Amino acid sequence: MLALLIRAKGFEVRTTRWVMAAAVALLVVMVGSAARAEPDGRVFNIRVGQHPDKTRVVLDLSRDIDFFVFLLPDPYRIVVDLPELAFELPANARSRPVGRISGWRHGLFEQGTSRLVIDATEPMTVKAAFVLPPSGTQGHRLVLDLVDTDRPRFISASNQSVKKRVALRAPRLQEPPAASPPERTAGDRKVVVIDPGHGGVDPGALGPNQYEKAIVLATAKALKRELEKTGRYTVVMTRDRDIFVRLRERVAIARGSNADLFVSLHADTIDDRSLRGLSVYTLSETASDTEAELLATHANKSDIIAGMDFSNEPPEVTNILIDLAQRRTKNLSVRLAGYVVDEMERETKLLGRAHRFAGFAVLKAPDVPSILIELGFLSNKTDARTLSDPKHQARIAWGIARSIDRYFQGVQSAFR
Ligand SMILES: [Zn+2]
């Protein structure tokens, strides 16, 4: 059952009021607005309140907006896509459990779209969703009324809402990825793609002061500077700001740029707070140990965390792609990992068995040697402090750049 609330030019039409209690209300706003480069609206606050018959989520806004709500299962999520907005929330507007809601996250999903993801412990559906005009001291408010439901109803509502969302977004998906491929310069500049993990609505691991997404972006920028200084590399970033990029898109950027190398940067947290140090991963079908598997699961979850993956390729396709991966690509990845471990030993603390194998999705480009560097653990005090320190970031960047230099020297001599 689906109750549809259609809001157009300021008024709502309640088509099926009678199924309200049991159904999900999806708010479809198709009044398009041209894509804007900069956010021209702001979210001042996000408030969640428990009422006897519903859980109400309110966003305080600087202006009227169009939005789209959809549902995703496993884990249960209510996702709200908004125009690109600046979130200027007070310190007390923190994500915390209220009723079935376990928390919320927000961030830039892609150019032009901010996203709010509400996590629920049990199925919930949208009873109503609307924007209230200013009244009294209050400005524009986006109101979402969520009600408890059961899994079958949630799944059905989710399927319908996702179909709508895909249809609405289809034209956009035809556009090329945001990062434009580099112009192949004459000479023999190598193309290195640097992939700062997470971003936007997907913050990654949480350190004491900073999210993983910020730490890896800063380190990636330092690495870019270090590589460009040599004049030997063209550097492509999968993201150069706080924006969400799907895992497959990251791989696509590497392949589309004719990358010679792909380097993904992450930092994580782990229950054992004493554990610290850098490690380097290359692709394996099966993770080498449970710890590695946990990390891979965390990184691969990125798309799930942020919402939906529109490029749902069947597993067979993925497997064929992996099968096609040439031995050479794998060997080269392993060789680079070896150099990174060797160089980084001098620059920072390494994790035991610093070169590991895991099934990270971003390492699956069959023709681009790829490594993923876990810079350290944000759950460890020392790691968290050093990884946020620009001086240490520069040092890490220098070490990685040296390994990349050694790698290309080695590759050249091996194939000469
Ligand atoms: Zn990560």
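Mentor: The model is predicted, so local features need pLDDT of at least 70 and side-chain atom pairs count only at pLDDT 80 or more, while totals for chains, interfaces and linings use all residues. Residues are numbered from 1 along each chain as its sequence is written, and side-chain values use heavy atoms, with hydrogens and water left out.

Trainee: Which residues are the protein donors of the zinc ion?

Mentor: Donors are N, O and S atoms within 2.8 Å of the metal (3.2 Å for Na, K and Ca); water is not among the atoms, so sites may look incomplete. Here they are His198 (NE2), Glu212 (OE) and His266 (ND1), 2.0 to 2.2 Å from the zinc ion. Their spacing along the chain is H-x13-E-x53-H.

Trainee: Are histidine 198 and glutamate 212 buried or exposed?

Mentor: Buried means under 20% relative accessible area, exposed over 50%, partly exposed in between (1.4 Å probe, protein chains only). Both histidine 198 and glutamate 212 are buried.

Trainee: What is the strand order in the open sheet of five strands?

Mentor: Strands of a sheet pair through backbone hydrogen bonds, either parallel or antiparallel. Strands (E, at least two residues) and helices (H or I, at least four) are DSSP runs numbered from the N terminus, and two strands pair if DSSP finds at least two bridges between them. The order is E8-E4-E5-E12-E11, with mixed pairing. E8 (85-87) and E11 (124-132) are the edge strands, each pairing on one side only. Strand E4 (residues 41-50) pairs with E8 in the parallel sense over three bridges; alanine 86 in E8 is the bridge partner of arginine 42.

Trainee: Which residues are buried in helix H8?

Mentor: In H8 (residues 381-388), they are Asp383, Ala384, Thr386 and Leu387.
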